[in-house]
Amino acid sequence: MATLTDFIVALLQSVVELLVNFSSVALNDPLSPILVVFGNLFILAAVGALAYVVLGALGAELGLGTTPGSR
């Protein structure tokens, strides 16, 4: 039976393997690093926009940033 420690070790090994695979793909030709960087920027922008909207909705539900008479 797998334990939590085994799971964490396997997860960390997979992350290291993933980084090695990404670096070998990104350094395959001259255009690949540029595409990887722009892809990461697009993903970062999408995650940031989603986090901004979610935190704004959560703040609105908790009454942050509103005056008492505006509701």
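1. The radius of gyration is taken over C-alpha atoms, and the rule for a globule is 2.2 Å times the number of residues to the power 0.38. For 71 residues, a compact globule would come out near 11 Å, but this protein chain has 21 Å. Its C-alpha atoms fill a box of roughly 60 × 45 × 10 Å along the principal axes.

2. A word on the source. This is a predicted model: local features need pLDDT of at least 70, side-chain atom pairs count only at pLDDT 80 or more, and totals for chains, interfaces and linings use all residues. Residues are numbered from 1 along each chain as its sequence is written, and side-chain values use heavy atoms, leaving out hydrogens and water.

3. The protein chain has 2 helices and 0 strands. These are DSSP runs, numbered from the N terminus (helices: H or I, at least four residues; strands: E, at least two).

4. UniProt, in an unreviewed entry, places "transmembrane region" at residues 7–27 and 33–55. Its positions follow the numbering used here, feature names are shortened, and annotations may be inferred rather than shown by experiment. Residues 7–27 are 95% helix and 0% strand, with end C-alpha atoms 30 Å apart. Residues 33–55 are 100% helix and 0% strand, and their end C-alpha atoms lie 32 Å apart.

5. How much of the chain is buried? Buried residues make up 4% of the 71. Buried means under 20% relative accessible area, exposed means over 50%, and partly exposed is in between (1.4 Å probe, protein chains only).

6. Ser32 is in helix 2. Ser32 counts as buried because its relative accessibility is 15%. Beyond neighbours within four places in sequence, Ser32 is in contact with Val25 and Ala26. Contact means heavy atoms within 4.5 Å.

7. Phe38 also belongs to helix 2, which covers residues 32–62. Its relative accessible area is 47%, so Phe38 is partly exposed.
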